[in-house]
Amino acid sequence: TYLVVLGASLAAGSAAGTASAAAALQKRLQEIAVEKQALYNCSIGIAVETGAGLVVSAGNDGSFAWGSVTKLATGAALMQQVAARRISLDTPVAPLIDPLLVREGLGRMHVLFGPRADSITLEHLLAMKSGIPDYDTATPYPPPPTDAFRKAVYAQPAAEWPPARLLNLSYVRKGKLEFEPGAHWAYSSTNFVLAGLLLARLSNATRWDAYGQAALLSPLPAQRRSSYALDFASHGTPAAHGAVRGFDRTSYNGANASARPGVDVSDVAGVFGGWTASDIVAPPASVARLVYDLFGASGPRLLARQYVDEMIPGARDAAGGGQSDWARGAPLSGGRVASAASRRLEAARGRFGARSDVDSHRMEDIYGLATFNLSIMGVTGQSSLSPYAVSYGHLGATYGYDSIAAYFPAIDAAVSIGTGIETDSQTAPSDTLCLVYNALLAAVRGTAEPRCSFSKESYFGGRCDCGNTYACHKLLRKCVKSELGSLSKEDCTRTC
C-alpha cells in the first residue's frame with residue numbers, strides 16, 4: 001500500500017512529497033535487491049532517475065563494469081559530433097580513421113576489411129550494418145558454448161587488448177566484410193572500436209587512448225557534471241578501477257557454470273578489451289543519470305532532441321521526418337512488430353546476429369543507432385498495446401558482469417541494473433528490472449504493484465509475467481491466456 005501513497009506524494013509535487021516518495025520507493029527497491037542478490041548469489045545495484053525528481057538507489061552502490069552499455073555513450077558522443085556538423089551520418093569513415101590505423105601499424109580500412117570498407121559510413125557503424133567482423137567470438141548456439149577470444153583473454157589475464165591488437169586478430173582483419181555495408185544487420189562490437197578511433201580523430205587526439213571519453217558530458221552544466229562518477233577504463237583491470245568483484249559463471253569452453261563463486265575477473269584486463277565498446281565503470285546511479293540525460297524529457301541534455309530521435313529504434317517515420325508515436329511512448333502497432341521482430345531474433349540465434357545475417361529492415365525496429373529496442377525483450381510485463389511497454393537503452397555483458405540500462409518514455413524514467421555475475425542466459429539484470437520497473441510504474445501511477453515473475457525464454461528474450469498474457473484466439477474469436485499472449489485482458493477484448 002505504501003506504493004499507492006507514493007503515487008499520491010508524486011502527484012502532490014512538493015519537495016517534501018518527492019522526498020517521501022523517494023524513501024518509499026527506495027524501501028521497495030531495496031527489498032528487490034536483497035531478494036535478487038540472494039537468488040543469484042552476487043552483487044546487484046539498482047538506480048532510478050525520473051523527470052519528476054526521483055533519484056533512488058538500492059542494493060550495492062559500488063561501481064560495476066557495464067560492458068556494452070558503453071555503446072550508448074559512444075553513440076551519443078558521435079551524435080554530438082553530427083550535431084556540431086563535424087561529420088554526418090552518411091559520411092564515409094575510412095578517410096578519417098585510416099590515419100590512426102596507419103599510425104598503429106595496421107594499414108588502411110580497405111587493407112583490413114577489403115575494398116568495400118571504403119563505403120562504410122558513420123550510420124553503418126552505429127547501426128551495426130557495416131559488415132565488419134566481430135572480435136567477440138562468444139557463440140552460445142549450438143551447444144556447447146564456445147568462445148575463443150575469452151580463452152585467449154583468460155590465458156593472459158594481465159594483458160590488455162588495445163584497438164590495434166583487436167583489429168589485428170586474424171578473424172577480424174581477414175580482408176573482406178561479412179556483407180555489403182547497409183545490406184544486412186549483424187551485431188559486432190568491432191564497429192564501436194572503430195567508432196572510438198573516429199572520435200579520437202575528430203577530437204584531434206594523437207593516440208587512441210589520448211581521447212577523453214568523459215568529453216561526452218561537456219554540454220551539461222558544471223554542477224550536473226560533478227554529480228557523475230563515470231570512469232572509462234581504457235587501461236587496467238576491474239580491481240584497478242575499484243569495481244565490485246565480478247564472476248564468470250558461464251559454461252563457455254567447457255567451464256562449470258554451477259561452480260561457486262565462479263571465475264573471479266577482478267584482475268582480468270580483457271574485461272575492458274573493447275574500449276569504447278565496453279569500458280564504462282560506474283555506480284548504477286551514474287549510469288541511470290547518463291541514460292536520463294540522453295533520453296529524458298526535462299533538464300539539461302547531452303544531445304538535442306532531434307539527434308536523440310535518430311538513435312531510437314524505429315523512431316523515424318517512413319519519410320525520415322520526425323519522431324514516431326512509438327518513440328514518445330505509444331505502443332508498437334498492434335503488438336505485431338514486436339512479436340515478429342522477436343521471432344526473427346530467435347531464428348538468428350547467436351549473439352544477436354553476430355553469426356547470422358538478419359533482414360536489416362526488420363532490425364531497424366530492434367536496433368537503432370547504438371540503442372536497443374528493449375520492448376521486445378520481455379522485461380516490462382506490460383500489455384504490448386500499452387505505452388508502458390515501450391523501453392529502449394542497451395544490454396551490457398562482459399566477462400564477469402551482466403547489466404541493463406533502460407529508458408521508459410511513458411513515465412520519463414531511467415533505470416539501471418548492474419550485477420557482479422555473467423551467466424550463459426544473462427538473466428539477472430532482466431529479472432531484477434522486471435520487478436523494479438513494475439514497482440516504479442505502480443509508484444508513479446499511484447496504483448497497487450502487480451505480482452510479477454520472470455522466466456528466461458532465450459539468450460536475449462525473457463518473459464516478465466505480470467498477468468498480461470492474453471491473446472486473441474482466432475478460431476474461438478475470444479481472448480484466452482496463452483504462453484504467446486502479451487496483452488492485458490482489456491486490450492485483448494478491445495482488439496480481438
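**Labels and the values behind them**

Trainee: What makes the disulfide of Cys434 and Cys464 right-handed?
Mentor: The torsion about their S-S bond is about 70 degrees, so the disulfide is right-handed. This is a predicted model, where local features need pLDDT of at least 70, side-chain atom pairs count only at pLDDT 80 or more, and totals for chains, interfaces and linings use all residues. Residues are numbered from 1 along each chain as its sequence is written, and side-chain values use heavy atoms, with hydrogens and water left out.

Trainee: Why is the link between Cys434 and Cys464 called a disulfide?
Mentor: A disulfide is a pair of cysteine sulfur atoms within 2.5 Å. For Cys434 and Cys464 the S to S distance is 2.0 Å. By this rule the count comes to 4 disulfides.

Trainee: What does the pair Cys434 and Cys464 tie together?
Mentor: Cys434 lies in helix H16 (residues 427-445) and Cys464 in strand S16 (residues 462-465), so the pair ties together parts that are 30 residues apart in sequence. Helices (H or I, at least four residues) and strands (E, at least two) are DSSP runs, numbered from the N terminus.

Trainee: Why does Cys434 count as buried?
Mentor: Buried means under 20% relative accessible area, exposed over 50%, and partly exposed in between (1.4 Å probe, protein chains only). Cys434 has 0%, so it is buried. Cys464 has 7% and is therefore buried.

Trainee: What makes Cys472 partly exposed?
Mentor: Its relative accessible area is 23%, so the label is partly exposed. Its disulfide partner is Cys496, at S to S 2.0 Å. Cys496 has 37% relative accessibility and therefore counts as partly exposed.

Trainee: Is the link of Cys479 and Cys492 left-handed or right-handed?
Mentor: With -105 degrees about the S-S bond, that link is left-handed. Cys479 counts as partly exposed because its relative accessibility is 21%, whereas Cys492 is buried at 0%.

Trainee: How do you know that the span of helix H11 agrees with its number of residues?
Mentor: The expected span of a helix is 1.5 Å times one less than its number of residues. For the 12 residues of H11 (residues 284-295) that gives 16 Å, and the end C-alpha atoms are 16 Å apart, so the span agrees.

Trainee: Why is H11 called largely enclosed?
Mentor: Because 11 of its 12 residues are buried, H11 is largely enclosed by the rest of the structure. Among them are Val287, Leu290 and Phe295.
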